[in-house]
Structure formats: C-alpha cells, structure tokens
Amino acid sequence: MKRGIRLLGVLFIMIQAIQAQELKSPNGQLKMSFELKKDGTPTYQLFYKNKLVIKTSKLGLELKDDKTSLLNNFSLSDTKTAAFDETWKPVWGEEAQIRNHYNELAVTLTQKETERIMVVRFRMFNEGLGFRYEFPAQENLVYFIIKEERTQFAMAGDHTAFWIPGDYDTQEYDYTESKLSEIRSFSEGAVTENLSQTSFSPTGVQTSLIMKTNDGLYLNLHEAALINYSCMHLNLDDKNMVFESWLTPDANGDKGYMQAPANSPWRTIMVSDDARDILASKMTLNLNEPCAIEDTSWIKPVKYIGVWWEMITGKGSWQYTDDLPAVQLGVTDYTKVTPNKTHSANNTKVKRYIDFASKHGFDAVLVEGWNVGWEDWYGHSKDYVFDFVTPYPDFDVEEIHAYAKSKGVDMMMHHETSASVRNYERHMDAAYQFMNDHGYKSVKSGYVGDILPRGENHYNQWIVNHYQYAIEKAADYKIMVNAHEAVRPTGIARTYPNLIGNESARGTEYQSFGGSKPNHVTVLPFTRLIGGPMDYTPGIFEMDISKLNPENHSHVNSTIANQLALYVTMYSPLQMAADLPEHYEQFMDAFQFIKDVAIDWDQSIYLEAEPGHYITVARKEKGSSNWFVGNVNGNDARTSKISLDFLDKDKKYEATIYADARDAHYKTNPQAYVISKKKVTHKTKLSQLSVPGGGYAISIKAL
C-alpha cells in the first residue's frame, strides 16, 4: 500500500512537472513560471534575481453569453520554445539600431468541455516579460464577445506607484504618488476636470504604470501592439494587492468583438533594480511588427513652431467671429459677419511665424483655427462640425503655401475632429488630398470632447480601430500623423513610423489651465513615453500667463533651463517650440539651444533616473559627433553629478551649459539662468545644480 502511495506521489509530481513550464530571460535574471491549477486555470509567476515580483496570477477571458468562457478547465496540449536575436534599424528613434533579443514559450491550451484552443505566448527579454492570448482558427471558437479580460498582475507588496485615474476618455491627469493601498483614498481628488472623462473605479488606474518596491525594484505594467482590441486599464483589488486588466467598453458595454484567428495585444511587465533600464527599454517597440511601409523616405523628424499657444492662453481665438451662436458648413456666409479681431490664424500673423521659422531653421509651422466651424465646434454633439478644407476669409491657403515655400518652410495641417469620428472618416480622403495639393506633409489631429457616434469612448475597440485607420490612410497619402486625445501609444510607430507623435497625456497646454506639478516631466518618461513619443510642446519662456491674457492667472511650473532640457529628456521626433516668437526674441541666448538641439539620434544613454525626482539623459545626434544632455528635476533642489565618459576618447569638445541660476525657482524666479562654455573630454565630470522644477541642458560639439 505504501509503495502504491509512493507511485501515486511520483505520478502526481510528474503530472505537475508537465503542467508547469519555465522561461528565462537571455541573461538569466528574469524567470517566468507557468502552471495550470487543478481546475485547469492558467497562471504565471515572475521572478527577478530569484525574488518573486509577480505572485501567482490568473490568465483568461470571460466571454459574453457563454457558460464556460476561457478561464479554466484547460489542459496543456502542446508547448513550443524558441530563441530570437536580431538587430533592426528604426526610421527614427533614440537609437540608430535596436536589438530584439528574447526567449519564447508558447503554451497551447485545450478546454476539455468545449475543445476550444487558446495559446498563451510569452516572450522574455532582459528587462521584462510580454505575453498575449492567441486564438487559432477552429470550429468551436470563431466569433466571440469579450465580457472582460481577466489577466492578473499580483503584486508582491504595497508598492509606491505614480498613477493617474482609470478613465475611458482621458489621460490628461497629473500623476499621484502613493502606496497602492492609498489609491482608493486619493482617487476622487486625482480626477480633475476635463472636457471628456469617464472614470470606472476608485481603484482603477491607467497604464503605463510605474512602481517602486520597498527593496528598490522598479516595475512597469503596460501593453504593446494595441490593434483591433480595447485599451487596457488596471483595476486594483487593494485587499490582496492584485491588479486585473480592465478593458474599455463600447456603447453596448461590451469589451471586444473577436473573430478567430486573432490575438490580444501584449501585456508587458518590466522589472529592474535600476530605473534607467526602464527608460532605455525597447521592449514595447520590439513586441510590435516590423515596418509595414515599404518606402519611408518621406517620413522625417520635424522641429516646428505654431499659431497655438496664444489661443491656449486665451490671448487669441480659434473662431473668426463672435456674432454667431451657431454655424452651418456650406450655409453660413463668413464674408457677411464681423471679424472678432482676435482670430489668430490670419495671413499677417502666419507670415510672421513663417519668417521666424525660416530665420531660425525650423522645419514647419502649425496653424490652428484656419478652417471654418470653430464658432460652435465643441459641446453640442455636432456631427457635421468641420470639413477640413474650407478656410476662413482671413487665411488664404494658396498665398500662405506659396509664401512658406519661398521661405523653405513646410506648413503643418491641423484637423480638430471635435471627436466626431464618423465625420472625420467621411472627409478623410478629401482632407488628405487637400494636404497633398497644398504641400502639407504632416497633420496634427485632435479628438476633443465626447465621441460621436454617441456612447462610444475614446479607448474602446471601435475607436482604436479608427485611430489605426487614420494612420494607415495617411500613409497612403504619404502624410505623417500627430494625434492628440487619441489612445496612448503602444509601440505601433515601429510598424507605422508615420505616426511621429501623440499627445495622449497631460501636455504643456495644462500649464495654461492652472498648471501641472513641477515634477510631472520626471514621471512621463516612465509612463506615457514607454509606448512611444509625445508631442509635449515644450519651450515656454514666459511663465506668467497673465502677461499674455490678464484674465488667465495660470503659471508654468518650470524654469527656462527645465524647458530646454525637455527637448532631450522627452524624446520625440516631433518637437515644437511652443511659445510666441516675441518671447524667444527676449532670450535669444537661451533660444539657441532649441535651435541647435537634434531631433533624431544615433545613441541615447540614461545617466541618472528616479521617477518623480530626476532624469538625466545624453543623446548623440544622428550622423554627427555632437551630443546633447538634458536634466529635469522634481520638487526639491538637487546637485546632479555626471561623467562624460560616453564621449569619443579621441576627440575634444566644447560644452555649452544652460543651467538654473542659483536663485532660480520654478515659481518665484523661473527665468533665471546662466550660460557657460567649457572644453570637455571623455574624462570630464560635471556637477550641476538643479533647482525645484528646474534642470539643465548641455550642447556638446566636437572641436
């Protein structure tokens, strides 16, 4: 009898071994353990340097109107392993070459009762784990509706997190720093006013989520390759410290309509004991498909200025007239109304911007408010709101195009949709063709307000598909896209590099809407920028907004040196000098850095990093020996100490340092800066003060 018990014990261990699978990172520091529980529920754990960082967490999806769903009763029917190592060249980026190196495990699960098949594919990189659900073509699972994805991320402790509230319609919140257990108590205060917002839970947060454990590990949760699926939020069970995926619903409350063969986006977990590894990771890009555009010669990084900040501050207006409470496209005769004299998109002003751009070497000029319809564009659930081709009487498209061309400057189009998505798709071909006909190579699109069709949200499957459609349609016309208020990026710019920027977070405009926290820009690279570049629109030199608009008492919570550093720390191939030309003309010595700084890079090295406190990065200009360094600082003054050992050992350089003055402060003395020059080599070490909300920027040029 004892022998029989022993045999049963050995058999049980063998069965458990078959059900449990392991996957390690190429450097061996990360290990994932996959296991089917007794009831056939798939689970995983994640270890970093033998330390448990993700406790046993369930995998699966709950289906609508389905008794069994895809949650349990699975058996392991197959496993496949693979190793992959390649180097690829992005069209633009922080690096000239990117290594894509991972080990892979694909587990095929068969549900006993239904004979449905689901594959969970894991990819382990040195800096983290990605996994997704795959649904092969099969008879018993063809069309299905996701009620909820039940992916779990079980935390191993009550970590410190930098989070924004879960919301189906906006990501434009300031970050809250708290313990996970404190999210519930801070949630109500973290939800600030926005033109469209839909919160779903007092413990709901958005990805990318950055956390720090008590023992100094950094964890980041996000997703990659969001295609034909709803955007994932996270909902925290704060009693057990377990995050669960929470997909954005559609107008019916459904989370996703699927047709096999299909797959989910990748769920990503980055882990390191060095915060710099999180910033430097290219895992999100690597989990996306290679470039789908055969000829990318027309896709080029852009440094631009624009007629924008004066409207944001209230100094000027988007609308042409104040006479009309409502307008109808094709009916309203704008030649018969009284101009309000505050309309910013007029020929004279736009030419002033074109002249400034030409003089100082900028690529393009953005003009907002050029097209008819702005008098009642927002808040009326208006379907036919813009046509994207008809200018106001004081903006001559042909004249401006010819003038810009004569000055060697491109014009950047603006398409505000007012979230009327159906209307935008209705006009998209004509709008893109209009751009081709008038020399516009890039477009800034916007989705302000509640989505039309009514009841849809900014981040559900249907609207995610619209954003993707707009990018792909733009590629047909060789147009680059910078989408504002769209879904946060998930690395899709690898596949469609004409997506040169997004907003999708709280940008500089909020400095004119009451201000952002002074440490905001020390958090964004750990969160929003994990999925792709942001059109943050830096470069504000006049921090007192009342000087532009006496009725607006906002203050830009940043020093000038901090604003300069953003061109390096907030990576983007699309960089705006967002302030007014007359403000730059008051500080031309500081403006020189904005003129000089590159927007495309061969190499990037993160020198210092601590979320919420500071980031220092050095980048080498593409095709050049020049380097640029940026440091942004948080709430407290700090001395940054860096080595320039990344410089070429055989070269000598001159560094121009743009730094906070000793008495500078983001609130009381933001325009105090000092500029110094010094000869440097790879042996040079620098020690530099960064004041609260401050920083420094360095231009390093080979002699």
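1. Thr537 lies in the loop between strand 27 (499-502) and helix 10 (560-569), where helices (H or I, at least four residues) and strands (E, at least two) are DSSP runs numbered from the N terminus. Although Thr537 is not a glycine, its phi is positive, at about 55 degrees. With 3% relative accessibility, Thr537 counts as buried, a class that means under 20% relative accessible area, whereas exposed means over 50% and partly exposed lies in between (1.4 Å probe, protein chains only).

2. On the basis of the note: this is a predicted model, in which local features need pLDDT of at least 70 and side-chain atom pairs count only at pLDDT 80 or more, while totals for chains, interfaces and linings use all residues. Residues are numbered from 1 along each chain as its sequence is written, and side-chain values use heavy atoms, with hydrogens and water left out.

3. Ala225 also has a positive phi in a residue other than glycine, here near 60 degrees, and Ala225 sits in the loop between strand 16 and strand 17 (232-237). The relative accessible area of Ala225 is 17%, and Ala225 is therefore buried. As background, most residues other than glycine have a negative phi, and most peptide bonds are trans.

4. Two cis peptide bonds deserve a look. One joins Ala260 and Pro261, with omega at about 5 degrees, and Pro261 is placed in the loop between strand 19 (256-259) and strand 20 (262-263). Another runs from Leu452 to Pro453, with omega near 10 degrees, and Pro453 belongs to the loop between strand 25 (440-446) and helix 9 (461-476).

5. Strand 15 can be followed through its pairings, where two strands pair if DSSP finds at least two bridges between them. Strand 15 (residues 209-212) pairs with strand 12 (residues 160-163) in the antiparallel sense over three bridges, and Met211 is the bridge partner of Ala161. Strand 15 is also joined by four bridges to strand 16 (residues 218-224), again running antiparallel, with Leu219 as the bridge partner of Met211 in strand 16. The hairpin of strand 15 and strand 16 has five residues between the strands, and Gly216 in this hairpin takes a positive phi near 90 degrees.

6. Pro325 is located in the loop between helix 5 (309-313) and helix 6 (347-360). Its relative accessibility is 73%, so Pro325 counts as exposed. Pro325 and Asp376 are 51 residues apart in sequence, while their C-alpha atoms are 6.8 Å apart in space.

7. For the chain as a whole, there are twelve helices and 36 strands. The radius of gyration, taken over C-alpha atoms, is 26 Å, close to the 27 Å that the globule rule (2.2 Å times the number of residues to the power 0.38) gives for 703 residues, so the chain is as compact as a globular protein of that length. Along the principal axes, the C-alpha atoms fill a box of roughly 95 × 65 × 50 Å.

8. Of the 703 residues, 63% count as buried. Among contacts (heavy atoms within 4.5 Å) with a separation of 6 or more, 71% are accounted for by residues 24 or more positions apart. The accessible surface, from the Shrake-Rupley method with a 1.4 Å probe, comes to about 26,700 Å², and 48% of that surface belongs to carbon and sulfur atoms.
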